[in-house]
Amino acid sequence: MYSITAQSGNVSSYIMEFQVDKLEDIATLPKSPTCASGSSCLCLENSSVWKLGDDNEWHEI
């Protein structure tokens, strides 16, 4: 499965970028329908990057 996150330089609606201070804050991030698959988050505690998958769960990449 794939998701289109941008087309012709325009980012899709509801694609969001977040920053959290602590790893435990990942659990508080919004999911669908507020936030679309492909949204991302940077965790400052350990410099990890997370993406919201098509399964509506946040995954470390």
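Student: Among contacts in the chain between residues at least 6 apart in sequence, what percentage join residues at least 24 apart?
Tutor: That comes to 24% of those contacts, where a contact means heavy atoms within 4.5 Å. Keep in mind that this is a predicted model, where local features need pLDDT of at least 70, side-chain atom pairs count only at pLDDT 80 or more, and totals for chains, interfaces and linings use all residues. Residues are numbered from 1 along each chain as its sequence is written, and side-chain values use heavy atoms, with hydrogens and water left out.

Student: Okay! How many helices and strands does the chain have?
Tutor: The chain has zero helices and six strands. Along the sequence the pattern reads β-β-β-β-β-β.

Student: Which strands make up the open sheet?
Tutor: Four strands do, in the order E3-E4-E5-E6, and their pairing is mixed. E3 and E6 are at the edges with a single partner strand each, so one side of each has no neighbour in the sheet. Two strands count as paired if DSSP finds at least two bridges between them.

Student: How does E4 pair with E5?
Tutor: Strand E4, residues 40–43, pairs with E5 in the antiparallel sense over four bridges. Cys-43 stands opposite Ser-48 of E5. The hairpin of E4 and E5 has four residues between the strands, and Ser-47 takes a positive phi near 60° there.

Student: And over how many bridges do E5 and E6 pair?
Tutor: Three, again in the antiparallel sense. Here Leu-52 stands opposite Trp-58 in E6. Five residues lie between the strands of this hairpin, where Asn-56 has a positive phi near 65°.

Student: Which residues are on the covered face of E5?
Tutor: Ser-48, Trp-50 and Leu-52 are on the covered face of E5 (residues 48–52), while Val-49 and Lys-51 are on the uncovered one. In a regular strand, side chains alternate between the two faces of the sheet.

Student: New topic: how many aromatic pairs does a search of the whole structure find?
Tutor: The search finds one. Phe-18 and Trp-58 form that pair, edge-to-face, at 6.1 Å centre to centre and with 80° between the planes. For the cut-offs, rings of Phe, Tyr and Trp (its six-membered ring) pair if their centres lie within 6.5 Å; planes under 30 degrees apart are stacked, over 60 edge-to-face, and the rest tilted.

Student: Where do those two residues lie?
Tutor: Phe-18 lies in strand E3 (residues 17–20) and Trp-58 in strand E6 (residues 58–60), so the pair ties together parts that are 40 residues apart in sequence.

Student: Is Trp-58 buried or exposed?
Tutor: Trp-58 is buried, at a relative accessible area of 10%. Phe-18 is partly exposed, at 21%. Buried means under 20% relative accessible area, exposed over 50%, and partly exposed in between, using a 1.4 Å probe and protein chains only. Of the chain's 61 residues, 23% count as buried.

Student: What about Ser-40, which residues does it touch?
Tutor: Leaving out residues up to four places away in sequence, Ser-40 touches Met-16, Glu-17, Phe-18, Trp-50, Lys-51 and Trp-58. Ser-40 is in strand E4 and counts as buried, at 17% relative accessibility.
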